[in-house]
Structure formats: C-alpha cells, structure tokens
Amino acid sequence: MKKYLKLCVPLICFVLMFTGSTLQAGATTVKINSWYLIDSGGHLDWDGSTTYIDFYKQAVKVWNNYKSGVICEDTVWTIEDVKISDCYDDNTTTAATTSGNTDTIKFNTYIMNKLGGDQIRNVCIHELGHALGLAHNTSSDVMYKYVTTINKLSANDKASYDASFKRI
C-alpha cells in the first residue's frame, strides 16, 4: 500500500498542477490567475486617474476591509504596481481590462458610461480582484465573468484572495 501511495501522490499533484487553478476548499471554489500585481512586500500600490475614481476608491475599501492596508494609493515613497486609466473602445463588450503584462487597469468609457452605479462599482471591485490574482468564478461572486451588481465579497472571492496572497 505504501508503494502505491508513493506513486499516486506525485501523479495526483502533477494532474492538479496542469488542470487549472480551481480548488475546492470545503464549500468554496478557489480560482486564481497565474499572475498578480501585488509586490513582494504584500502591497498593491496604484496610481493614475479614471472618470470612475470615486467608485474605484470604494472598491479599494471593499478589498481593504477584508485584508487591511494591502491596496494603497502610490506615494513618492512607493513604487507603482498598477496604473489605472480610461480608454474608449466601441469594438468590444468589455467594460474594463486588467493586464499583468502592462500592470494596468483600463476602464472602457464606451461601456462603463452605459452602466449604473452598482455595476460600475462591481467592475472596479472585479478588476482589482484580477490585480490581486483572482480569476473568474461563479455567478454569485464579484469575480463572475460578466458585469453584475454584486458589491460584496463572497466566500469564494475571499478564499481565492487568501490563496493568491499566500503566493507572495
């Protein structure tokens, strides 16, 4: 039996490693990206501007209410981890994008200007979630792949954030 376990455990780990980043943790589903924009000190320092800055700052509070002080506005003493800005693209249905390659969050004013306040807040919370390393999750989560009016972190959002944060 021990010989069988020695062979199976590495095989199971190999299969899990290459089947994606979805883990069941009790009743929660953890989904994380292969990248995140949190620096080695455990912070996500942001700079830039957006038409939706008030909503963005509310989104920062949502995440910081769960893990205090992780997301901070850039200062002269810190290095910017993510740059926020607006763009205009009428060839897409995407409200915003977060890029690990360019360390940016870009809000598409073409789509965002058509949304209500709760939806704009949801997009801001969602995109910060990507910057924190979270992937898309279920329809009851902030990290759902479509715009919703969900503005509170679910158990899945929190568990995914915890898993992402452990990688730092």
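## Surroundings of Phe107

In this predicted model, phenylalanine 107 touches Thr50, Tyr52, Tyr56, Ser85, Asp86, Cys87, Ala95, Ala96, Met112, Val123 and Cys124, leaving out residues up to four places away in sequence.

## The nonpolar core

Phe107 also belongs to the largest nonpolar core, which has 33 residues. The residues with the most contacts inside this core are Phe107, Tyr56, Trp63, Ile71, Leu128 and Leu132. At least two core residues each are supplied by β3 (44-48), α2 (53-66), β5 (82-87), β7 (104-108), α3 (109-112) and α4 (117-131). Helix α4 provides the largest share, six residues.

In soluble globular proteins, nonpolar side chains tend to be buried together.

## Packing of α2 against α4

Two packed helices are described by the angle between their axes and the distance between the axes. The axes of α2 and α4 come within 8 Å and cross at roughly 55°, which means that α2 is oblique to α4. The crossing of these two helices, α2 and α4, is right-handed.

On the α2 side, the contacting residues are Phe55, Tyr56, Gln58, Ala59, Val60, Val62 and Trp63. They meet Gly117, Ile120, Arg121, Cys124, Ile125, Leu128 and Gly129 in α4.

## His130 in helix α4

Helix α4 also contains histidine 130. This residue, histidine 130, counts as buried because its relative accessibility is 9%, under the 20% cut-off. Its side chain is joined to that of histidine 126 by a polar contact of 2.9 Å.

Beyond its neighbours within four places in sequence, histidine 130 is in contact with Asn33, Trp35, Thr98, Ala135, His136 and Met143.

Note on methods:
Residues numbered from 1 in each chain as written. Predicted model: local features only at pLDDT ≥ 70, side-chain atom pairs only at ≥ 80, totals over all residues. Heavy atoms only, no water. Core = buried A, V, L, I, M, F, W, Y, C linked by side-chain atoms within 4.5 Å. Buried < 20%, exposed > 50% of the residue type's maximum accessible area, 1.4 Å probe, protein only. Helix = DSSP H or I, 4+ residues; strand = E, 2+ residues; numbered from the N terminus. Contact = heavy atoms within 4.5 Å. Polar contact = N/O pair within 3.5 Å; in protein donor to acceptor, adjacent residues only side chain to side chain. Axes fitted to C-alpha atoms, helices over the stretch in contact; angles between N-to-C directions. Parallel < 35°, antiparallel > 145°, perpendicular 65-115°, else oblique. Left-handed = near helix turned anticlockwise from the far one by under 90°.
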